[in-house]
Amino acid sequence: MEKIIKEKLVEIEAQENVKIIGAFESGSRAWGFASPDSDYDVRFLYIRNRDDYLKLGGIRDVIEWQLDETLDINGWDIQKALRLLYKSNPTIFEWCASPIVYLESNILFQFKALLPEFFSCKKSLFHYWHMAETNYQKYLKTPEVRIKKYFYVLRPLLAAQWIIDKQCPPPMLFSELVEEELDLTIKPEVDSLLQLKKELPEMGLAPKVQILNDYIEERLVYIKDIADKMENIKSSWNELNRFFLDAIEGIYD
C-alpha cells in the first residue's frame with residue numbers, strides 16, 4: 001500500500017502543479033490501534049509556485065484527492081498550515097509527529113523547527129478535552145458501544161495528561177501515551193479492549209465498560225479545570241512570514 005500511496009502523491013503533484021513537502025499517516029494506523037479493515041488516512045503539506053500566491057482571485061488552500069473504502073487522501077497548502085500553526089492548531093503537531101511518513105523534504109524539516117515556539121498548552125488541552133468529551137457523550141453512554149470509540153476518547157485524554165505533565169506536544173502512538181500516562185488500575189481493561197479492537201471490524205460492538213466510563217468522566221472534569229486556569233501564549237508572525245517567503249523563493253530547496 002505504501003507504494004500505491006507514493007504513486008498517488010506523484011499524481012497529485014503533476015495534476016495540481018504543486019510540490020508536496022511532507023506526507024504522513026494521521027489516523028488509527030498512526031495511533032497504533034488500526035482495525036483489520038481500517039482505511040489509510042494520508043495527509044500532506046504542499047507548496048505552490050510563487051506566482052500562484054500573487055493572484056488577485058486567491059487560490060484554494062486544500063486539495064481533497066481521494067476518499068474511498070481504502071484511501072482517504074487530502075492536504076493543506078503551506079500557507080494554511082502556517083496560519084494554523086500561528087494558532088497552535090494541534091493537527092499540525094500531530095501530522096509532524098506521525099510515526100508513519102510517506103514523504104519528507106528539507107522544507108518540512110525547516111517547518112518542523114518552527115513548531116516548539118508556537119505550541120500552546122492551553123489551546124492543545126482544550127482541543128483534546130473537546131475531542132474526548134464529544135466522543136464520550138455521543139458514543140459511550142449506551143449499553144453497547146463501538147469499541148473503537150473508547151480509543152477515540154482515551155487517546156485524547158492521555159494526550160492531554162501528557163501536556164499537563166510534560167508541557168510539550170504528545171506523541172502519536174497510543175502505546176507511548178499508555179506507558180507514560182495511563183492509570184495502572186485500568187490498564188488491564190484497556191489492554192483487553194485494544195486486543196479486541198485489533199480483531200474486530202471498524203463497526204465492532206461490545207458491552208460498555210463501566211470502570212472506563214467512570215475514569216473518563218473523572219478525567220474530563222480534571223483536565224477542563226486545569227485548562228481553564230492556564231494562560232494563553234502570545235505569538236508573532238515574524239518567523240512564519242520569513243519561513244513562507246523563503247519557502248516560495250526556493251531557499252530551502
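1. A term first. A pocket is an open set of grid points with protein on both sides within 12 Å along at least five of seven lines, and its lining residues have an atom within 4 Å of a point. Keep that in mind for the next two points. Note too that this is a predicted model.

2. The largest pocket has a volume of about 190 Å³. Its lining includes Ser26, Trp31, Pro90, Thr91, Glu94 and Trp95. His127, Met131, Asn135, Tyr152, Arg155 and Met172 line the pocket as well. Find these residues in the structure before reading on.

3. Which helices supply at least two residues each to this lining? They are α4 (90-97), α6 (121-139) and α7 (147-166). The largest share comes from α4, with 4 residues. By class, the lining has 6 nonpolar, 4 polar and 2 charged residues.

4. Now the sheet. It is open and has 5 strands, in the order β3-β4-β2-β1-β5, with mixed pairing. The edge strands are β3 (62-67) and β5 (101-104), and each of them pairs on one side only. From one strand to the next, the twist averages 20°.

5. Trace the pairings one by one. β1 (residues 19-25) runs antiparallel to β2, with 6 bridges between them. Glu25 has Val42 as its bridge partner in β2. On the other pairing of β2, the sense is parallel: β2 and β4 (residues 71-77) share 7 bridges. Phe44 is partnered with Gly75 in β4, and Tyr46 stands opposite Asp77 in β4.

6. β3 and β4 come next. They pair in the antiparallel sense over 5 bridges. Gln66 stands opposite Ile73 in β4, and Ile63 stands opposite Gly75. A hairpin of 3 residues joins β3 to β4.

7. Is β2 enclosed or open to the outside? Count the buried residues: 8 of the 8 in β2 (residues 40-47) are buried, so the strand is largely enclosed by the rest of the structure. Buried means under 20% relative accessible area. Both faces of the strand follow this pattern. Tyr40, Val42, Phe44 and Tyr46 point one way, Asp41, Arg43, Leu45 and Ile47 point the other way, and all are buried. Asp41 and Arg43 count as charged, and they are buried along with the rest.

8. β4 is mostly covered too. In this strand, 7 of its 7 residues are buried.

9. Helix α3 (residues 78-86) touches β1, β2, β3 and β4. Its direction makes about 75° with that of β4.

10. Asn17 is not a glycine, yet it has a positive phi of about 55°. Asn17 lies in the loop between α1 (2-16) and β1. Ser88 also has a positive phi, near 60°, and is a residue other than glycine. Ser88 sits in the loop between α3 and α4.

11. Are Asn17 and Ser88 buried or partly exposed? Asn17 has 47% relative accessibility, so it counts as partly exposed. Ser88 has 2% relative accessibility, so it counts as buried. The cut-offs explain both calls: buried is under 20%, exposed is over 50%, and partly exposed is in between.

12. Last, Pro171. It lies in the loop between α7 and α8 (174-181). Its relative accessible area is 12%, so Pro171 is buried. Not counting residues up to four places away in sequence, Pro171 touches Arg155, Trp162, Glu176 and Leu177. One of these, Arg155, also lines the largest pocket. The C-alpha atoms of Pro171 and Ile21 are separated by 21 Å, and these residues are 150 apart along the chain.

Definitions and conventions. Residues numbered from 1 in each chain as written. Predicted model: local features only at pLDDT ≥ 70, side-chain atom pairs only at ≥ 80, totals over all residues. Heavy atoms only, no water. 1 Å grid on protein atoms, 1.4 Å probe; cavity = no way out; pocket = protein on both sides within 12 Å on 5 of 7 lines; lining within 4 Å. Points joined across faces, edges and corners; volume = space filled by probe spheres on them. Buried < 20%, exposed > 50% of the residue type's maximum accessible area, 1.4 Å probe, protein only. Pairing = 2+ DSSP bridges. Axes fitted to C-alpha atoms, helices over the stretch in contact; angles between N-to-C directions. Contact = heavy atoms within 4.5 Å.
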